[in-house]
Amino acid sequence: MNTPVLHAQSLTKTFGTTTALAGVDLIVGRGESVAIMGASGSGKTTLLHVLAGITPPDAGSVHYAPAHGAPVDITTRNERERSKLRRESFGFVFQQGLLIPELTAIENIALALMINGTSRRVALEHAAGWMASLGLAGMEERRIGELSGGQAQRVAIARAQVTGAELVFADEPTGALDSQTSNDVMDALLWSTTGQGRTLLVVTHDSEVAARCSRTVHVRDGHVIGTEIVNTGVTA
Amino acid sequence: MNARVLALLLRPAPGQGSTLALPATAFAMVTALVLTVVGGAQKFWSWTDPDAGLYQALAAIALVLLVVPLATLGGAAARLSARRRDERLSTLRLLGVSPAGVTGATVLESTIVAAVGSLVGVLGYLALVPLVGLIPFRGEILGAAAILLPPIGILAVGAGVVLLAGISAVVGLRQVVISPLGVRMRTSVPRVHWVRAVLAGLVIAGAFVFVQVFPGTAGLVMTIAVLAGMFAVALAVLNLVGPWALKVHAQRGLRRAEHPSRLLSARLVLESPKAAWRQVSGIAMASFMAVFAGTGVALMNTMSATESTENLTLAVDIRTGLIITLVASFLMVAVSIGVNQASSILDQRELHRSLHFLGVPVETVDAARTRAIMSPLLFTAVGSALCAAVLVFPLVGIAVVVAPLSLVTIAAVVALGIALVWLGVRVTRPLLSTAFQPA
């Protein structure tokens, strides 16, 4: 495995009487694409949220090692610091895209940069570049409702990448798409992440999506029950 | 659907207190205001002398002016009540509950919330009666006994408010049923044509010419009649041109937007200039009236030495009436904005949650929605005041319009309105913040 970019140790998280994570350990290497698979309620989305600093764990730690700068223990950071980290270093793609319907496609992407203080002109230039790379040239001024599901997901991918995020978290990114569009979206997601030396973590219940990643982590009842190196078929 | 399922459905979910309290407060306010205004009108209608007709006509105008914000507020409150249940309702439909059962549950809840609010409103009205009774008209106080409605009148108003809530819930729910993804899937921005501005310009020019040729020697009563006519025309013009003016204003804001909150707020207005106008139109009306109130105050100062006692009393009474109408309008606009904001926050909860995941600070979203209200509001308030000034100055002279007393009154009234609206937006911030909290 490459140099670790994320290192989670003994993560536990409960919601009321439900245990979502029961001592999870996970290492993600730089440039890897890791699929987290499991049935509904297995704890896979909670794991993604804890790794991304969205939800603090009850116990355990998550160390993030940026390409430049000192490693950060995400779990010891307060909400404001974690928000900043997510804004500047992480990218997110959700099942429904969850783009802002009032903004145009290009504005949705540029907004991610503008929030970090980039000027609007530069942000729009970068956004246009990403749109062109993902086959969305000419759709800059379209509103989200005017895009197909696959196009909207590619806008979401561009939004996740435009800030130069080292690590992209995707939660069922193809869950609402047909198989052909799903393939296209995975192509775009992999090209824009691991294809550029970045790291991808995907939560999915779709084995075809998982098969496109370099490694699959299986989760059940809050435990990691196995890791599969997809490319070689090795199971750990 | 049996009673046990209904009881389960109607049980408030944890953390949804504000979405119940807001419509209930709105209904309480609507009830208290309607009762107070109708109570005051009751006193006016008890007069039988020759001047009584004019007072009754003015009271009728004030009632009509209050009907629009009242209906807007009532409708907004009912929609919020209905919206709150959307998710549960769609689940219920999937579970096989009939559409009628689903509608029934929603309407019943809106009605219960309205009934509770209405009851609080009646208590509020009863508490207000002694204070409102102290307001002087025609040189003497109205008196608490004279403005206290009979029990049947109170019951009728209360029932009317509850009925309005029920009807609005049915209408609101039907919209949800027809297009559950209406907001997210909207594909084209509704167009607001510039022809509106041309029409409005023509009407204003026509009114201005009419006021110019209107004999300056006409009596006060005639002047009031003309003013009332101008008032109606101007309100119609404001409603015509308002959405277009807000669109142009927001487009300019969009071109200049460097900060994310400015970009978002401009797009929020452009998404539906008509909806943005509906939210602030009450203030446009109030700001318009403020110019009349302000010039009225200044005019009274100059005419106190020359005019007859009757005319002077009438002028004082008109000012009092305007101030009461203004305060009532402001309160209703502020509460409807609060209720509308709560509704829209509930609609966009998923989106806000995702923005939180992306690390977007709650302050950015809050600044955007506040700006999306306050920017059109300021623009509208100033624009309406200018429109009113154009119409008023040929009648009373520019000296009266820009008299310090006049300007201070206008500024104070508009500032009060703006502050109340800001408060209306601010109270919904905790609701927005819940989407930005870690799980």
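**Exercise 1.** Determine which residues of H3(A) and H4(A) meet, and how the two helices cross.

*Solution.* With contact taken as heavy atoms within 4.5 Å, A:Ala105, A:Ile106, A:Glu107, A:Ile109, A:Ala110, A:Leu113 and A:Met114 of H3(A) meet A:Arg120, A:Ala123, A:Leu124, A:His126, A:Ala127, A:Ala128 and A:Met131 of H4(A). These residues divide into 11 nonpolar, 1 polar and 2 charged, where Ala, Val, Leu, Ile, Met, Phe, Trp, Tyr, Cys and Pro count as nonpolar, Asp, Glu, Lys and Arg as charged, and the others, Gly among them, as polar. The model is predicted, so that local features need pLDDT of at least 70 and side-chain atom pairs 80 or more, whereas totals for chains, interfaces and linings use all residues. Side-chain values use heavy atoms, without hydrogens and water, residues are numbered from 1 along each chain as its sequence is written, and chains are lettered from A and ligands numbered from 1 in the order in which they are written.

Next, the axes of H3(A) (residues 105–115) and H4(A) (residues 120–133) come within 8 Å and cross at roughly 125°. H3(A) is therefore oblique to H4(A), since angles under 35 degrees count as roughly parallel, over 145 as roughly antiparallel, 65 to 115 as roughly perpendicular and the rest as oblique.

**Exercise 2.** Work out the strand order of the open sheet and identify the strands at its edges.

*Solution.* The order of the 4 strands is S2-S1-S4-S5 (chain A), with antiparallel pairing; two strands pair if DSSP finds at least two bridges between them. S2 and S5 (72–73) of chain A each have a single partner strand, so one side of each lacks a neighbour in the sheet.

Conventions: Axes fitted to C-alpha atoms, helices over the stretch in contact; angles between N-to-C directions. Left-handed = near helix turned anticlockwise from the far one by under 90°.
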